[in-house]
Amino acid sequence: MSFEDPTIIVALDFSEAGAALALARRLDPAQCRVKVGLELFSAEGPAIVRTLQGLGFSVFLDLKFHDIPNTVASACARAADLGVWMVNVHALGGARMLAAARQAIPAGGPRLIGVTILTSHGPEDLAALGLGDSSERVRGLSVLCREAGLDGVVCSPREAHELQDLRAGGFVLVTPGIRPEGAPPDDQRRTRTIREALAAGADYLVVGRPVTRAPDPSAALAACLAEARGAPRPVLFDT
Ligand SMILES: O=c1ccn([C@@H]2O[C@H](COP(=O)(O)O)[C@@H](O)[C@H]2O)c(=O)[nH]1
């Protein structure tokens, strides 16, 4: 990863294009990427992705595909047609679905990553789902994603440290669940600060409400970038 590669991905979770673009226009595409998720894509469709790309942003299309292999593969192909930087599927879709998704994305297309266990799940949620310990589950699903040839995973910053061995060869760790020290977690359960996430070895950090709901989003992003610049990063030994 080059020094210029923006680490922070701002989640544009808005109900319509006007609000999303007003925020995006206050951000610098050289300093951050943006994420279009379920809410904004459901409201505005592919057009919002193209508009953001026209503003110079690389876009993470966070639609978390989870369906039968054929359907997910076709959806991944359409996402690739959009020229997005990154797209994702749920790792719980299983090995055949992950392999189909991988095959559907052409060489040089978007990075394909797998969502492991949502950062909104705490121990009670995992127990109720019969999923047990989050770090074990996240590791198992991350290995599955790597074996299927995916380019990385979405995990919580709490698990990033234990996945360092998987990063060899450019497998990336994308961590939502970022909260400044003392900030409310909202619906997130497995959170860390920017500094902690980077120190644990995350490659990209997804930050939504701490920036988008801040009284001054540009200043909030500037604070995030400053914290990221000052954060220690583990040395990655590529084998
Ligand atoms: O496990 C996951 C996967 C995706 N997300 C998405 O990231 C952002 C986080 O937003 P905040 O406002 O910073 O909580 C949001 O778009 C989620 O859909 C996640 O949080 N956890």
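Two strands count as paired if DSSP finds at least two bridges between them. Strands (E, at least two residues) and helices (H or I, at least four) are DSSP runs, numbered from the N terminus.

This is a predicted model, so to speak of local features we need pLDDT of at least 70, side-chain atom pairs count only at pLDDT 80 or more, and totals for chains, interfaces and linings use all residues. Residues are numbered from 1 along each chain as its sequence is written.

**Exercise 1.** Work out which strands pair with β3 and which residues bridge.

- Start with β3 itself, residues 59-65.
- On to β2 (residues 33-36): 3 bridges join β2 to β3, running parallel. Lys35 has Phe60 as its bridge partner in β3.
- Now try β4 (residues 86-90), which pairs with β3 in the parallel sense, again over 3 bridges. Here Phe60 has Met86 as its partner.
- Last, check cover: 5 of the 7 residues in β3 are buried (20 or more other C-beta atoms within 10 Å of their own, C-beta atoms being placed from the backbone).

**Exercise 2.** Find what Cys76 touches, not counting residues up to four places away in sequence.

- Contact means C-beta atoms, placed from the backbone, within 7 Å.
- Go through the partners: Phe65, Val87, Val89, Ala101, Ala104, Ile105 and Leu112.

**Exercise 3.** Describe the shell around the ligand.

- Count first: 17 residues surround the ligand, where near means a C-beta atom within 6 Å.
- Among the closest are Ala11, Thr119 and Arg209.
- β8 (204-207) and α9 (209-212) each supply at least two shell residues.

Technical notes. Two residues are in contact if their C-beta atoms, placed from the backbone, lie within 7 Å. A residue is buried if 20 or more other C-beta atoms lie within 10 Å of its own, exposed if 12 or fewer, and partly exposed in between; C-beta atoms are placed from the backbone.
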